Protein chains: 2
Amino acid sequence: MDDMKEFPLPGSGPQAEEGIVLAPKFDANGLITCVATDARSGDVLMVAHMNAQALQRTIATGDAWYYSRSRKKLWRKGESSGHGQRIIEMRVDCDQDAIWIRVHQHGPGACHTGRRSCFYRSIPLGEGGGATLEFRERERAFDPDVVYGEKKK
Amino acid sequence: MDDMKEFPLPGSGPQAEEGIVLAPKFDANGLITCVATDARSGDVLMVAHMNAQALQRTIATGDAWYYSRSRKKLWRKGESSGHGQRIIEMRVDCDQDAIWIRVHQHGPGACHTGRRSCFYRSIPLGEGGGATLEFRERERAFDPDVVYGEKKK
C-alpha cells in the first residue's frame, strides 16, 4: 500500500485548535493516542496508539490500524482475529494529540482477553475505594486462545 | 486532603487482566491516560492524563482530577472554569494502562476552547482524506476568555 506523504508539523495554540489542517502532535515515541468507541452503544472499546503510518492507513482505508508498542509493529485491527473495526467517524481533539474513532466492531469483541470492551472492570469510588475492582463483563464473548492462537495485544 | 497510600506495583498478563486488584501501569512520566465520556450521549469529551495523586483523588472524591503536562500541575477539572466532571462510573482496561470515566459534565462544555467536547473537528476518510478537517462544533458553547481569564488547558 502506498502511504500518504508526511503530515505537516504540529502547530500550537490557535493554529492547532482553530485550523482546518490536520497536523497531529505525535509524542516522543512518534505515537498518538486513539480512543475507539462503539458507534452504537457509545462504550469505549479500547485505547491504543497510532504512529504516522497507522494514522495514514486508517484515514486512507477507513479501517483501524494501530501501532503495537509491545510487538513494535504496525497492525490492522482484526488482521489475525477477524475482529476488525470499520470507522463510522474519525475526530481529532483541540491540540491534535488525540484521535477518537467511532467504529463498527466486527465479531464478538475488541479485547484480546475475549471481552467486548477492554474496559470490563469497574473501579468503585469513595474513600477506601479503588482497592478492589468489580467485573462488569466477566464472561468472555469469545475464546482468545482460539481466535488469536496465543495471547497478544 | 489526605491521599491514599500508594497503588500496588503493576502486574502483567493474567495478573493484570483477570485480577481484582487495581495496580495501574503508569508510563515513564508517571502518567496514565484517562478518557472522559459524557454519561448521557456517550461522546468523548476529552483525553487527559492522571498521575497517581490525581487518580487517588478522583477515586476518593468522585470528581475528575488530572495532571496537566503543560502546567506541570495537579488540577481538579472545573477548579477555575466551574465546569467540573462528576463521575458516574470509572473503569480500567485489560492491562491497566488506561482509565475510562463516564461523567456528568457541569456547565456548557469540557474543552478549554469553549466547545462541549475537545473533539469538535472531524477527519474525512478516504484516499487523499485527512488533509482538511471539518468542524462539527464550530460555535463556542462559552467564551473561554471569560471563563478561564486566559488560555490554558
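**Where chains A and B meet**

Visitor: How many salt bridges cross the interface of chain A and chain B?
Guide: Eight, by the rule used here. Keep in mind that this is a predicted model.

Visitor: Which side chain does Arg140(A) meet in a salt bridge?
Guide: That of Glu18(B). The N to O distance is 3.4 Å.

Visitor: And how many residue pairs are in polar contact across the interface?
Guide: The rule finds 38. Both residues of each pair are at pLDDT 80 or more.

Visitor: Which elements give two or more residues to chain A's side?
Guide: Two helices are among them, H1 (14-18) and H2 (52-61) of chain A. Strands contribute too, including E1 (32-38), E2 (44-50) and E6 (98-105) of chain A.

Visitor: Where does the largest share come from?
Guide: From E5(A), with five residues.

Visitor: What kinds of residues make up that side of chain A?
Guide: There are 27 nonpolar, 14 polar and 16 charged residues.

Visitor: Back to E5(A). Which strand of chain B does E5(A) pair with?
Guide: Strand E7 of chain B, residues 121-122. The pairing is antiparallel, over two bridges. In one bridge, Val92(A) partners Arg121(B).

Visitor: New topic. How many residues does the contact take from each chain?
Guide: It takes 57 from chain A and 57 from chain B.

Visitor: What area do the two chains bury between them?
Guide: About 5000 Å². Carbon and sulfur atoms carry 56% of it.

Visitor: Which three residues supply more of chain A's buried area than any other three?
Guide: Phe119(A), Arg121(A) and Ile123(A). They supply 14% of what chain A buries against chain B.

Definitions and conventions: Residues numbered from 1 in each chain as written. Chains lettered and ligands numbered in written order. Predicted model: local features only at pLDDT ≥ 70, side-chain atom pairs only at ≥ 80, totals over all residues. Heavy atoms only, no water. Contact = heavy atoms within 4.5 Å. Buried area = accessible area lost by both parts, 1.4 Å probe. Salt bridge = Lys/Arg side-chain N within 4 Å of Asp/Glu carboxyl O. Polar contact = N/O pair within 3.5 Å; in protein donor to acceptor, adjacent residues only side chain to side chain. Helix = DSSP H or I, 4+ residues; strand = E, 2+ residues; numbered from the N terminus. Nonpolar A, V, L, I, M, F, W, Y, C, P; charged D, E, K, R; others polar. Pairing = 2+ DSSP bridges.
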